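Please look over the structure shown here before reading on.

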Amino acid sequence: MKKWIVLLLAVSMCLTLVACGSGNKVPTNAETPSDKAITPEKSEPEEMKLALGETAKTDIVEFTLDAAKLTEALTNSASTNNADSYGFPKEYNANEDASNPFVASVGHVLVFASFTIHNTNRTSLDLGGSFNGSFTKVEYQGNSFSNQMRFTAEFSGDSTHWNTYSSSNILLSPDETSSYRGYIDIAANPDSLDDSFVLSFILPTSSGEQKTFSYEINAADVSAAMAKEQAKQDEIAAAAEAAIQERKTETDAETVTTVKSLLQGEWEYTDYSSGNAVKQNIVFDGSKVVVTSTALGLTLEKVGTYTVCIKDIFIDFEDEDYIDCFIPYELENGELTIYHIENIVK
C-alpha cells in the first residue's frame, strides 16, 4: 500500500512539471534575454594619461608633446629664411605687440604647444582642421575647451631652421616626421601663467576609431620643458650663425680682384622665390653697392658694402634695420653669373 502511494505521488509530480513546461516556451539562443543585455555599446575612446616629453602611440601615429604652457602672447617676428623664435611664448608688451595677431584678448589666454609627430602609416595623415576638428582639448579651471588649434611654425626632418606654418591642419606623408608649434585660444583668466592644466590630443587609429592622450601640465614640468626648447632653439641659431660666418670667408686675392672687376655696373633680374615677383636692380660701384627692390608697386633702396667670398657675395647694408644678404655666384672661364639674393639674420 505504501509503495503504491509513493508511486502515485511520483507520477503526479512528473505531470506537474510537464504542465509547467508546456506553458513557458524555452527561448532559443537568438532570443535569450541575457544575450541582449550583454551586447556591448559604443563607448568613448579610452583616455590615457601622460607627462610632458612622453610619447603617445596608436598603430598609425606617434606623438610627443615637447613643451606646453599658458601665455599672453607669442613671438611674431622672423627673418625671411627662418622662424626659429616664431610662435614661441613671450612676455606681452603693449608697444611691441600692438599689431601682433598672437595676443590673447582680455579674459582669454593662449595655450602654447610644441610637439613632434611621426606618421607610421602607409598613407598620408591629416590632423586638425575640418578633417579632425577634435584634435585638441584643454581642461583648465574646471572647464573643458575643445577649441581648434592654430599652427604657427614647422621644423621638418631636413630643415636647418624653423619655418612659418600658418594653418589649422597638419598633413604628413607616409613615414614623415615633423615638429610643430601651435596655440589654442581659450576664454579664461589665469591666476598665474604657471597654472596647471590638461592638454589632450585625439589621435586616429587604422580602424577609424580615435584614442585620447591627455598630458597633465604642471609648473615644474613646464619650466624644464621650456628650458629644453629654448636650448634647442639656441643650438639651431648657433649652428646657423656658424654657417653664416663660414660663408663670409673671403676668397683668394686673385678671385676677389677678378670678381670685383666683373661686378662693376648694373645687374637686373626678377626674384620669384618669395611668391611675389620682385624686381632686383643691383649697382656695384667700386666697393659700394646699391640694391633697389620693386614689388607690388613699392620700391625700396638699400645701400651697403660687399665682400667677395668663396661662393657668395656678402652684402652688409649700412642701415641696421635691413637684413644683410648673400648673392651666390659662379666664376667660370672668365664669365661671372650671379643668382637671387638670399636674406640672412644679422
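## Briefing

Asp175 is placed in the loop between β12 (169–172) and β13 (177–186), where helices (H or I, at least four residues) and strands (E, at least two) are DSSP runs numbered from the N terminus. This is a predicted model, in which local features need pLDDT of at least 70 and side-chain atom pairs count only at pLDDT 80 or more, while totals for chains, interfaces and linings use all residues. Residues are numbered from 1 along each chain as its sequence is written, and side-chain values use heavy atoms, with hydrogens and water left out.

**Loop residues with positive phi**

- Phi of Asp175 is near 65 degrees, a positive value in a residue other than glycine, and with a relative accessibility of 57% Asp175 counts as exposed; here buried means under 20% relative accessible area, exposed over 50%, and partly exposed in between (1.4 Å probe, protein chains only).
- Gln141, which is not a glycine either, has a positive phi of about 55 degrees.
- The loop that holds Gln141 runs between β8 (136–140) and β9 (143–145), and Gln141 counts as partly exposed at 39% relative accessibility.

**Salt bridges**

- Side chains of opposite charge can pair when their charged atoms come close.
- A search of the whole structure finds 7 salt bridges, a salt bridge being a side-chain nitrogen of Lys or Arg within 4 Å of a carboxyl oxygen of Asp or Glu.
- One of them joins the side chains of Lys232 and Glu229, with 3.1 Å from N to O; these two residues are 3 residues apart in helix α3 (residues 219–247), and are therefore separated by about one helical turn.
- Within this pair, Lys232 is partly exposed with a relative accessible area of 32%, whereas Glu229 is buried with a relative accessible area of 4%.
- Salt bridges that share partners also join Lys90, Glu96 and Asp97 into one network.
- Another salt bridge links Glu139 with Lys137, whose closest N and O atoms are 3.9 Å apart.

**A patch of negative charge**

- Asp316, Glu318, Asp319, Glu320 and Asp321 gather on the surface in a patch of negative charge.
- Such patches are made of residues with over 30% relative accessible area and no salt bridge, like charges being joined within 9 Å and nonpolar side chains (Val, Leu, Ile, Met, Phe, Trp, Tyr) within 5 Å.
- Asp319, one of the patch residues, has its place in the loop between β20 (312–317) and β21 (325–332), and it counts as partly exposed at 35% relative accessibility.

**Cysteines**

- The structure holds 0 disulfides, a disulfide being counted as a pair of cysteine sulfur atoms within 2.5 Å.
- Cys309 is buried, with a relative accessible area of 0%, and Cys325 is buried as well, with a relative accessible area of 1%.

**Residue pairs in sequence and in space**

- Asn121 lies in the loop between β6 (109–119) and β7 (125–128), where it counts as partly exposed at 23% relative accessibility; Asn121 and Thr205 are 84 residues apart in sequence, and their C-alpha atoms are 9.5 Å apart in space.
- Ser200 is found in strand β14 (residues 197–204) and counts as buried at 0% relative accessibility; Ser200 and Ser134 are 66 residues apart in sequence, with 9.8 Å from C-alpha to C-alpha.
- Tyr165 belongs to strand β11 (residues 163–167) and is buried, with a relative accessible area of 18%; Tyr165 and Tyr180 are 15 residues apart along the chain, and 8.3 Å separates their C-alpha atoms.

How values were computed: Areas by Shrake-Rupley, 256 points an atom, 1.4 Å probe, with all protein chains shown as cover. Lys, Arg positive; Asp, Glu negative; His and termini not counted. Charge placed at Lys NZ, Arg CZ, Asp CG, Glu CD.
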